[in-house]
Amino acid sequence: MTKKEEEILTGSQGEICSKLLRLLVKLGDSFGADKLIQIKSAHTVLNFGLNFVNAAAKILNQVAKAGLKVKVRTSADPIVDMTYKDTLGNISKLFVLQDQLIRDLTDIGVKSFTCTPYYTDNCPNFGDHCAWAESSAVIYLNSVIGARSNREGGVIDIASAVLGKTPNYGLHLKENRKGQILFKVPFKNWDTFDLTTIGLYIGETAGSKIPVIQGLEKMSTDDLKNLGAASAASGAVALIHVVGRTPEANTLEEAFQNDKPEEIIEIERAILKEIKEKYSTEWSNPPRNIGIGCPQLSKDEVITILKKLKGKTILPEINFWICCCEEVRNEIKNSPYWEIVEQSGAKLATLCPMLTPLPRPYITNSGKTCFYTSATYRSLDDCIRIATGGLNHA
Ligand code: F3S
């Protein structure tokens, strides 16, 4: 530890700061970290004002009351969207800690409430060390951007943001970013729904190992986001290399750091049908809510949906949620696409459609949501067909 860190530990910057540092030191010790390193950015999951975060909210409140501020750009996961308070009805009343959390986070300097902070100005550069929580954001950060973060937890993320440091272990070290399992995708005619499903399969197969995918070099960053989020839900995956696509995998050799894969798995198309059925909860009643945007959508993804909705109307008994960050919503509001939002009756919201307990039956194209909750798993086109024409149109 540096002299300054030792002084903080002994209370030079107050008791709360000392406790936060002790937390990071103990975390580092348990993983064999040699030192604390400077971070460029942080992202916290201490955002959701439901009662189950009570203990963590108390710690955050102490941090805010002590007058501490984040030292690096820090964002937080989505909060409930009060624009739709009437539609959410009693659901919004469950968020008893929301006001306190927003006040405390704002007081310590946290900005932006989204699980896709990389669409805001919290977008680090290749090689930057960060302390991000939110598994879908961490896997994007590591895989697509090539910045470095472990999967942090609530409180650890705040401690890192306030101290501007994180223990040097895990994915901060190049040798721990080496690919371990090679997944080959031999078929070419995949779509976004297939890629998200491949993500679910890779996560449950790889566990905490680092997958390398061969055969998907043409996929978009949005598809990488959706595949990664699904993997990070069904497994403890925090980094995926895609040969010829992600920045640390220009070649197969680079992805495996000149080593050999521990295992090679060929993904047959037939497995996708099994996975789609495995993670789908089928309901006999028509849906009350359909949600797109877990993880939240990029501007391009929102525009794709709105183009498909043009000239169509959402059935009155269904809420069709299109979820994105505030920045993307503002861009859409100031574009000609806003007319389609109004004409179709869709709800362009900044909430998290998974953690906001939207009444069931619920249908989504999100692999992550279907892994964690009782949701029906369908492609985007099917979601739109059902939202505008009913179940018989799927
Ligand atoms: Fe984001 Fe909520 Fe899904 S935080 S990744 S929309 S569970």
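**Notebook: cavity lining and aromatic pairs**

The model is predicted, so I noted the limits: local features need pLDDT of at least 70, side-chain atom pairs count only at pLDDT 80 or more, and totals for chains, interfaces and linings use all residues. Residues are numbered from 1 along each chain as its sequence is written, and side-chain values use heavy atoms, with hydrogens and water left out.

**Cavity**

I searched the whole structure and found one cavity of 30 Å³ or more. A cavity here is a set of points, on a 1 Å grid over the protein atoms alone, where a 1.4 Å probe fits but cannot get out; lining residues have an atom within 4 Å of a point. The largest cavity holds about 40 Å³ of space, the volume being the space filled by probe spheres set on the points, which are joined across faces, edges and corners.

I listed the lining residues as Ile139, Tyr140, Ser143, Val144, Leu224, Leu227, Gly228 and Ile240. Helix α7 gives the most, with four residues. Helices are DSSP runs (H or I, at least four residues), as are strands (E, at least two), numbered from the N terminus.

I sorted the lining by class and got six nonpolar, two polar and no charged residues. Ala, Val, Leu, Ile, Met, Phe, Trp, Tyr, Cys and Pro count as nonpolar, Asp, Glu, Lys and Arg as charged, and the others, Gly among them, as polar.

**Aromatic pairs**

I found nine aromatic pairs in the structure. Rings of Phe, Tyr and Trp (its six-membered ring) pair if their centres lie within 6.5 Å; planes under 30 degrees apart are stacked, over 60 edge-to-face, the rest tilted.

I checked Phe48 and Phe95, an edge-to-face pair at 5.0 Å centre to centre, with 75° between the planes. Phe48 sits in the loop between β2 (41–44) and α3 (54–65) and Phe95 in the loop between α5 (90–93) and α6 (98–108), 47 residues apart. Both Phe48 and Phe95 are buried (under 20% relative accessible area; exposed is over 50%, partly exposed in between, 1.4 Å probe, protein chains only).

I then took Tyr279 and Phe371, which are tilted because their planes stand at 45°, with ring centres 5.7 Å apart. Tyr279 is buried at 9% relative accessible area, whereas Phe371 is partly exposed at 31%.

I also noted one aromatic cluster formed by Tyr118, Tyr119 and Tyr140.

Key
1 Å grid on protein atoms, 1.4 Å probe; cavity = no way out; pocket = protein on both sides within 12 Å on 5 of 7 lines; lining within 4 Å.
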